Amino acid sequence: MRNRMRLIASLLALVCLAGCGEQAATAPELVEPVGVQADMEAAHRGELYTLAGYSGAVEPYVEELSFPVQGQVESTPGYSGKKVEQGETLILLDSRAEQERLEALQAEMEFQAQDNAYADSLAELEIERLRVELRQLWSSGAGYTATALKELEIEEKEALLRQTQELRQIALDSQQQELEKLQTALDNMKLTAPFAGRVVACTVEAGSGVAPYAAVAYLADDTRLSLSCEYMDAGFLASAHEVYAQIGGERFEIVPRPVDQEEYTARMLAGKEVRSYFDFADPEAATAQLESGQFAEVFVVTGYIEDALLVPMGAVLTDSKGAYVYVDNNGQRERRDVKTGGRNQLEVQIVEGLEEGEVVYVKD
Amino acid sequence: MSRIKRGRRIGALLAALAVCCYLAAPGVRAQDDLLPPDEVAPQEYNYKTGTVERTTLVREQQGRGTIYYPKLYQVKNEQAGATLVEYKVKARDQVKAGDVLAVLSIEGVDIRVQEAQRAVERIQRETAQGVAEREDRLEDARETLAESSGYGWELQNIEVQRQETELERYRTQQAYALSLQQKELEKAQKAQAGTELKAPVDGEIISVASDLRSGDSVDAGKVLVYMHALDVAVITVDNSYHTLRYNMEVTVDDPRSILREGLTGRVVATDDMVPDETTTSNVALVELDDLEVAAEIPGLCNATANTAYLENVLMVPSNAITLEDGRTYVTKLKDNMLQKRRVITGMNTKDGTWILQGVSEGDVLVLE
């Protein structure tokens, strides 16, 4: 009985163990696609370069506008977004005090001119009266002393008139200067568009105070276009074989604008965005074909080799003896030592050890 | 007896274990149907593929927008010694040019006007009196001249001319003095009129100075009412990501579809156009091509723009790209050969990924 039980138990254990092992043994391997060959590629001749792209945009020329004087904004006819003509008023400062003073001064000068004319007439009439008296003295045979005194009196009055006129002229000149200053001040209190364009920002509103030479508005000129993009190092740009922009479907030649190192450093230290700027090689053509706001991709080509024998980066292996590739020789892998030249992130130039058209294996 | 029982127990346990193992081994039962026979059969390749195409890259950006009136006005008190009587408007009120917005009382302004009026009247009286006196004297001098002769006539003639000149000079001086005093009167009257602050244009009240209540004194220069004109409206769009650029074309619609579809406009101002110090509002202003329709725009709307647009670039399906150790690869299928190649990618769009280097038009790529 015991033996029978043992036998049954052993059989059950065997069945059990056989069942557990079956799972791994019976799962089939995934079938590799038939006909798919090992990765190989023929060495070919072509251009070797590294292409980097930087996103940017076509931008208008923007001029910062300010008042040369301080004051309070009276009105802002040139509000943000407004299209304006050259000479159009953008912002007016409150110039009532200056205008009032100008009008008062003009009235005063006008009155003074009239009053001076009357004063001159009166002085000349007085001199005329003295001359009549002198003639009377002469005709009455008055003595030398009397006539000489009268002549002196006339000379004194004439001298006094000349002196008064000169003093008046000095005062008039002073008023004229003040008038001109006021006129200039009034001109300075009116900000006009230096060119036709669009106000892209007006940073003040009626009632705001402004300081001399502080920016109050920005005017864009859509006829003067340039390009800006993500920042790229000046040294990198200098080493480039070619720099150009693609806008829409067209290629445009561009020229890097020199970097103001001080401004660059200041912006970097302040944690502000730094961009690279370019001018169009043919500004007139650019203006004719493009408009502000268009997306642009700036391409920088570096490490350019015109006619290089190239293989994929993964084809070149290295060991202690140096670089080598595996060449396909009628289905057999054959090690071939090679000498490499330039490279980018994709391909390697082979300068020695391989011929154009020879097929090399590429490592996964 | 106990040995027999123990043996039975062990046997039963082993039997149960064997049954469990059998049931837990699906491979045994599923061995035959793990892969259908047709899938096991050899085939050339079984990859999903996509083709590299030269196409147009477009990347869209959408932002929320609200109506904005850029013509802003501040209405302020110009007079010293002013006290607020009352506001006649509140925020969101629409007003016409000339409507009274606030009423002030200005200390002593009526007295100033009365004094200035009296001064004008005094000068006018003095002038009339002075002119009359001088004309009388001139008349006397002319009469004397008429009776004179010889040397006496010569002197009297000059005296008549002098008095004529004096009369004209007096008139001029008095006219000037009167004009000055009239200006003072005008100022006082203007101050008197300044007790009512009026709307400079047709528009809408943005806010009133809430720190002032009736009876509070109001400093000269204090702004009491902020308002905007309604004749010019633009849409202000969130531009926190700085993707909207000046002069970009924009399509505007609203979530509730109140507007007709496809309203177009242009970005006319962005914060990016000015130095960082100047503004931090991160908005772009969009002017609609049809200016009239701006007034119909509801509270909120959506503005969509193509922030990137390039024609004739190499695009691949985004699931053709694999990333390993920070490098991007594609797998080309060429002449039944899988070629894993590194590529240099540009930006991604909803239509695919732009490839700068590493593929050619027509290349067949393995997806996923």
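Leaving aside neighbours within four places in sequence, which residues is A:Ala185 in contact with? They are A:Val69 and A:Glu98, where contact means that C-beta atoms, placed from the backbone, lie within 7 Å. This is a predicted model: local features need pLDDT of at least 70, side-chain atom pairs count only at pLDDT 80 or more, and totals for chains, interfaces and linings use all residues. Residues are numbered from 1 along each chain as its sequence is written, while chains are lettered from A and ligands numbered from 1 in the order in which they are written.

**A:Ala185**
- A:Ala185 sits in helix α3 (residues 144-188) of chain A.
- A:Ala185 counts as partly exposed because it has 19 C-beta neighbours inside 10 Å. The cut-offs are 20 or more for buried, 12 or fewer for exposed, and partly exposed in between.
- A:Gln99 is 86 residues away in sequence, yet its C-alpha lies 9.6 Å from that of A:Ala185.

**Chain A as a whole**
- Chain A has six helices and 19 strands. These are DSSP runs, numbered from the N terminus: helices are H or I, at least four residues, and strands are E, at least two.
- Of the 364 residues in chain A, 24% are buried.
- Take the contacts in chain A between residues at least 6 apart in sequence: 75% join residues at least 24 apart.

**A helix pair in chain B**
- The axes of helix α4 (residues 109-147) and helix α5 (residues 150-193) of chain B come within 9 Å and cross at roughly 170 degrees.
- α4(B) is therefore roughly antiparallel to α5(B), a label for angles over 145 degrees. Angles run from 0 to 180 degrees between N-to-C directions, with axes fitted to C-alpha atoms over the stretch in contact.

Key: Contact = placed C-beta atoms within 7 Å. Parallel < 35°, antiparallel > 145°, perpendicular 65-115°, else oblique.
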